[in-house]
Amino acid sequence: MSTLTGQLLIAMPQMEDPRFEHSVVFLFSHSAEEGAMGVIINKPTTLSVKQIFPKASGLTAPGDMV
């Protein structure tokens, strides 16, 4: 199986899972052994970058509290 790391996944219109309906997901990790991890990039959230990626240092986004 080839990796999808670094790719964008676009939900099909028939997607019935409300968590992924009309979503675009950026996969930052994907492997047969570990599975996949990504973030939805086209829906608003109230979470800060630090809340989403607590172990990443130096990541900020406009409006994030440091």
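Biologist: Which strand does Leu8 lie in?

Modeller: Leu8 lies in strand E1. Strands here are DSSP runs of E with at least two residues, helices are runs of H or I with at least four, and both are numbered from the N terminus. Keep in mind that this is a predicted model: local features need pLDDT of at least 70, side-chain atom pairs count only at pLDDT 80 or more, and totals for chains, interfaces and linings use all residues. Residues are numbered from 1 along each chain as its sequence is written, and side-chain values use heavy atoms, with hydrogens and water left out.

Biologist: Noted. What does Leu8 touch?

Modeller: Skipping residues up to four places away in sequence, Leu8 touches Val24, Val25, Phe26 and Ile41. Contact means heavy atoms within 4.5 Å.

Biologist: How far is Leu8 from Ile41, C-alpha to C-alpha?

Modeller: They sit 9.3 Å apart in space, C-alpha to C-alpha, and 33 residues apart in sequence.

Biologist: And which residue in E2 is the bridge partner of Leu8?

Modeller: That's Phe26. Further along, Ile10 has Val24 as its bridge partner in E2. Three bridges join E1 to strand E2, residues 24–31, and the two run antiparallel. Two strands count as paired if DSSP finds at least two bridges between them.

Biologist: What's the order of the strands in the sheet?

Modeller: The order is E1-E2-E3, an open sheet of three strands with antiparallel pairing. E1 (8–10) and E3 (35–40) are the edge strands, each pairing on one side only. On average, neighbouring strands are turned by 40 degrees against each other, direction ignored. For that angle, axes are lines fitted to C-alpha atoms, for helices over the stretch in contact, and angles run from 0 to 180 degrees between N-to-C directions.

Biologist: How many bridges join E2 to E3?

Modeller: Six bridges, with the strands antiparallel. One partner pair there is Val25 with Ile40 in E3. A hairpin joins E2 to E3 through three residues.

Biologist: Switching to the surface. Which residues form the nonpolar patch?

Modeller: Leu8, Phe26, Phe28, Met37 and Ile41, with about 460 Å² of accessible area together. Patches are made of residues with over 30% relative accessible area and no salt bridge; nonpolar side chains (Val, Leu, Ile, Met, Phe, Trp, Tyr) are joined within 5 Å, like charges within 9 Å. Accessible areas come from the Shrake-Rupley method with a 1.4 Å probe, and for residues only the protein chains shown count as cover.

Biologist: Why can Leu8 be part of it?

Modeller: Because Leu8 is at 49% relative accessibility, which counts as partly exposed, and the patch rule asks for over 30%. Met37, another patch member, is found in strand E3.

Biologist: How many salt bridges are there in the whole structure?

Modeller: One turns up in the search. Asp17 pairs with Arg19, and their closest N and O atoms are 2.7 Å apart. The criterion is a side-chain nitrogen of Lys or Arg within 4 Å of a carboxyl oxygen of Asp or Glu. Asp17 is partly exposed at 22% relative accessible area, whereas Arg19 is exposed at 58%.

Biologist: What's up with phi of His22?

Modeller: Phi of His22 is near 60 degrees, a positive value in a residue other than glycine. His22 sits in the loop between E1 and E2 and is exposed, with a relative accessible area of 58%.

Methods. Buried < 20%, exposed > 50% of the residue type's maximum accessible area, 1.4 Å probe, protein only.
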